[in-house]
Amino acid sequence: MAYKRNIDRLPIIPADAKKHNVTCHYCIVGCGYHAYTWPVNKQGGTDAAANAFGVNLAEQQPAETEAWYAPSMYNIVKQDGKDVHLVIKPDRGCVVNSGLGSVRGARMAENRRSDKTGTQQQRLSEPMVWRYGTWQPTSWADALDLVARVTTRVIDKDDEDDLFVSMFDHGGSAGGYENTWGTGKLYFGSMKVKNCRIHNRPAYNSEVHSTRDMGVDELNYAYEDYTLTDTIMLVGTNPLECQTNLFLNHMVPGMRNGAKVIIVDPRRTVTANACEVEAGADNVLHLAIKTGTDLALFNTLFTYIADQGWVDSDFIAASTLQGDVAVPLDEAHPAALGSFEMARAKCKMSLAEGASITGLSEADIVKAAEWIAKPKDDGSRRKCTTGYEKGIIWGNDNYRVIGALVNIGLATGNIGREGGGVCRLGGHQEGYFRPSDAHVGRPAPYVDQLIIGGQGKVHHIWANDHYKTTLNATEFKREYNRRTNMVKDAMDAHAGSSREELVDAIVGAINAGGLFSVNVDIIHSQIGQAAHVILPAVESGEMNLTSMNGERRLRLVEKYMDGPGNAKPDCLIAAAIAQNLERVLREEGRDAYADQFKGYDWKTEEDAFMDGYNSGNPEVTYDRLRAMGNNGVQEPVVGFENGQLVGTKRLYTDGKFTRHGREDGKALFCGGEWRGLQAPGKAYQRDNFAFLINNGRANVIWQNWFLDKANDFVSDRFPIPFIEINPDDMAELGVKAGDLVEVFNDVGATQALVYPTPTARRKETFMVFGAPNGAQGNIVNAGTNELILPNYKHTWANIRKISDAPASAADLSFKSMEYSAG
Amino acid sequence: MDRCDKLVDVGRRQFLRGGAIAAAATATAVALPAAPAKAAALARVDYPLNRLGNVADLKPNEPLDVAYPDENAPGVLLKLGTRVEGGAGPDGDIVGFSTICPHKGFPLNYVAADRTLNCPGHYSRFDCEAGGQQIWGQATQNLPQYALRVDEKGDIYAEGVDELLYGRLSNVL
Ligand code: SF4
């Protein structure tokens, strides 16, 4: 039977409950919510005067009411040490979501740690150190002393290459300006750590180098552009599941205003179905290309649009570089950048060629070109808003594909204008404020391969779980376990010895090829199983936290509850590490180096915010952000007038492009011709294994799966990551719905649960990415696109049955996920 | 695949205020509230024991509109034709569900072809053969299902609901 809470009533929010601004921290959309809290021994009443809504709650409330909350929006948590009721419900006044919650955000309350209701007991509450063969709880002072004493043994002034760092760079979740600054100041300010990587990829780099090199920031529009446009183009993205309320609250109204939709995706997603429902099938063009051929499609579209003269010549003349090549092709630039004509020559591709490579009909490519750029009957230009995401970011030939898509936006004058934009749809929110990372270099070091190769001595990890989200994960885990076990063995052999002896033993193991691993996280992660020191962090709502969403909307989430036990904000953990490093270095007589670790006397996350973000954005303070509420302000903030922060609705409205740092303000086109599957090893897998293992996220289990593995509602639906397989392929493989299969190839193996999917093309499966119990990364080979961008999407493998449906899958629904009106 | 905008509008206009639900409720015969005065003292709300229909009223795979625990809470009874866990009646195939989407309160429509309830508001779908499990959607709970009992005369009684109903902070108002 489906999971049921058997909750048939909830405490009523009293009229005098405290109300906090909350931006959902689970995805980039950043929907507005309010957190209400009130003492655990109080309750509101059904009388209008006795509840926070001022309505009679003894009556049934209508659809879309504000005066209702689901059991998932309720919990009992600690606030200033006391138990309080907590309700976190969507805010109708927030322009991002207009009161909509999603299946993820509307479970924020239920996904808080509670010692009363028992939710999220997996959250870390104490620092822990590997002792006596397991992890033992300890104090911050003890844990940080060990971290500092081991770390100072491997770093020196101007030589920090043996310290490897994995650190998130995002907002939302436990990221945000406070925390990226804290970690950034430590590793890029006090130190110049070069061997570092980001939470979802094996290097410290942009995911979208080319658009930035062309002068175009990847978040350049406003969400309202979807409601003002003629055509919505969605490339390698599934916004109904991955940016839910952007789709529901902005794209759907756009379709209802008459926008047509072009979807570029080898797979039919629920987004495609919903677009057909909203816009009518005639107004939706699903270009189900052969996987990885996006570049051929975009170059063909660009060529055709230019040949038809459907370009914005005035815009090209005024806002883009004239001449030829401005940035030549080299190791740091996988395609030449320059003028429109240069790109036109390089990217030239006929309809016939484009159709043959992509597997589309010429007619469909022409139709797409018309929907993007053909002037309307009255001669006015068509507007097109383009959203793209991991299908091309983590797809084939990242640099050139994104460049080719931005080419179309520039050529048609669709950037910096209402109803335009060529933007990432995004994963987490953003919240990046750090000292320069220029010392990291370009291309950045491929850190995970360096670790496999035996490099690095101490590894500091900030909310990264390589075990679930890296490529070549099978080999990475094997090596990482081996190297960290060497240190565990040394620690076990010195149980009961003094700190000095212990540190010597650890350093001995490190010098013999071991790796000392320090893990800062909110839960005991999978890579955290290899850690020697574990430091507990808090997340959004357990601290004040600022982030910006996919239209650069900056908000302050107000702290509404205590973190678990002794857990702390990452920025304050970074500060404490810096202070401990300074202390130990001074003890060791390394004063000049110790001086580099001064400047961390922050008491609160607000101090970190003022030290970092505010230093570059002096108008922005907590008080002013609080006053801007859940609508916040769109970055960049340009002033403060009449008690309000003044922001920027969309970028580049003046036609000057700056993201590349060129003084002339001219955008560049990208001249990248089609060249097949670019990353090493991909063509080999394609030619030698039977099934494409396309992969991505799913609605319920999106990037907060690390929390949801302890959420009953979610685990009941997807106890094991699923793999969508065409029923005819299932018959050939001899598997039934719910069976467990092994997915295996030349680099590794993983497992998944079969979900029959008639809309899946033959031999093209789709597996959920980032699962705690079935990591798709196990079978992704080590080959990356240029500039060390993983290509997770292009993985081929064979499939065999492991077992019949396990008990947890026995009564799952395996029906189509597509809405039907009947 | 005709987008049912009208249904949404109907939902918005009539949701639990207009005549549609009341009319459905009149088909459900007697409603016998059980010991209402005691409800406040119990940990769980005390549900009425309502007769929603008779086995003879049900045709396989045709929804019968009902309301429970009161006339402002629309639902359906279904005879699925195959035994399911939690199914009532001689064939173990009778189930009852709320038909208000637990996401945003829009009225669900029944799709007989795959025995699902579907929401035109935000495309959520619930499987009537799997205890109302949300197949896909934005609700944070599975579909509230009725605890049903069928007596020797074939009368079908509801005696409880297993999730909070949309739009009320107590299932029994
Ligand atoms: S769409 Fe994203 S931000 Fe909005 S509620 Fe859902 S997970 Fe949170």
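How many salt bridges does the count come to over all chains? The answer is 80, and keep in mind that this is a predicted model. Of the contacts between chain A and chain B, 4 are salt bridges.

**Where chain A meets chain B**

- On the chain A side, 60 residues are in contact with 62 residues of chain B.
- Putting the two chains together buries about 5,400 Å² between them, and 52% of that is on carbon and sulfur atoms.
- Polar contacts show up too: 39 residue pairs between chain A and chain B, with both residues at pLDDT 80 or more.
- If you want to find the chain A side by its helices, look at H5 (239–242), H6 (244–256), H7 (270–279) and H25 (712–717), each of which supplies at least two residues that touch chain B.
- Sorted by class, that side of chain A has 30 nonpolar residues, along with 15 polar and 15 charged ones.

**Aromatic pairs**

- Searching the whole structure turns up 32 aromatic pairs over all chains.
- One of them is Trp68(A) with Tyr166(B): the ring centres are 4.5 Å apart and the planes sit at 50°, so this pair counts as tilted.
- Trp68(A) is in the loop between strand S2 (32–39) and strand S3 (74–79) of chain A, while Tyr166(B) is in the segment after strand S11 (155–161) of chain B, so the pair joins two chains.

**A salt bridge inside chain A**

- Asp145(A) and Arg499(A) bring their side chains together in a salt bridge at 2.8 Å, N to O.
- Because Asp145(A) belongs to helix H1 (residues 140–154) and Arg499(A) to helix H17 (residues 499–511), this pair ties together parts of chain A that are 354 residues apart in sequence.

**Annotated domains**

- UniProt, in an unreviewed entry, lists residues 123–579 of chain A as "domain: Molybdopterin oxidoreductase". That stretch is 40% helix and 15% strand, and its end C-alpha atoms are 26 Å apart.
- Further along chain A, residues 693–786 carry the UniProt annotation "domain: Molybdopterin dinucleotide-binding", also from an unreviewed entry. Here the chain is 18% helix and 30% strand, with 22 Å between the end C-alpha atoms.
- For chain B, UniProt (unreviewed entry) puts "domain: Rieske" at residues 64–157.

- Which way does the peptide bond from Arg442(A) to Pro443(A) go, cis or trans? It's cis, with omega near 0°. You'll find Pro443(A) in the loop between strand S15 (422–424) and helix H15 (447–452) of chain A.
- Chain B has a cis peptide bond as well, running from Tyr68(B) to Pro69(B), with omega near 5°. Pro69(B) sits in the loop between strand S3 (64–67) and strand S4 (74–79) of chain B.
- Lys763(A) isn't a glycine, yet its phi is positive, at about 65°. Lys763(A) is found in the loop that links strand S28 (749–756) to strand S29 (764–768) of chain A.

Notes. Residues numbered from 1 in each chain as written. Chains lettered and ligands numbered in written order. Predicted model: local features only at pLDDT ≥ 70, side-chain atom pairs only at ≥ 80, totals over all residues. Heavy atoms only, no water. Contact = heavy atoms within 4.5 Å. Buried area = accessible area lost by both parts, 1.4 Å probe. Polar contact = N/O pair within 3.5 Å; in protein donor to acceptor, adjacent residues only side chain to side chain. Helix = DSSP H or I, 4+ residues; strand = E, 2+ residues; numbered from the N terminus. Nonpolar A, V, L, I, M, F, W, Y, C, P; charged D, E, K, R; others polar. UniProt positions renumbered as here; feature names shortened; annotations may be inferred. Phe/Tyr/Trp six-rings, centres within 6.5 Å; stacked < 30°, edge-to-face > 60°.
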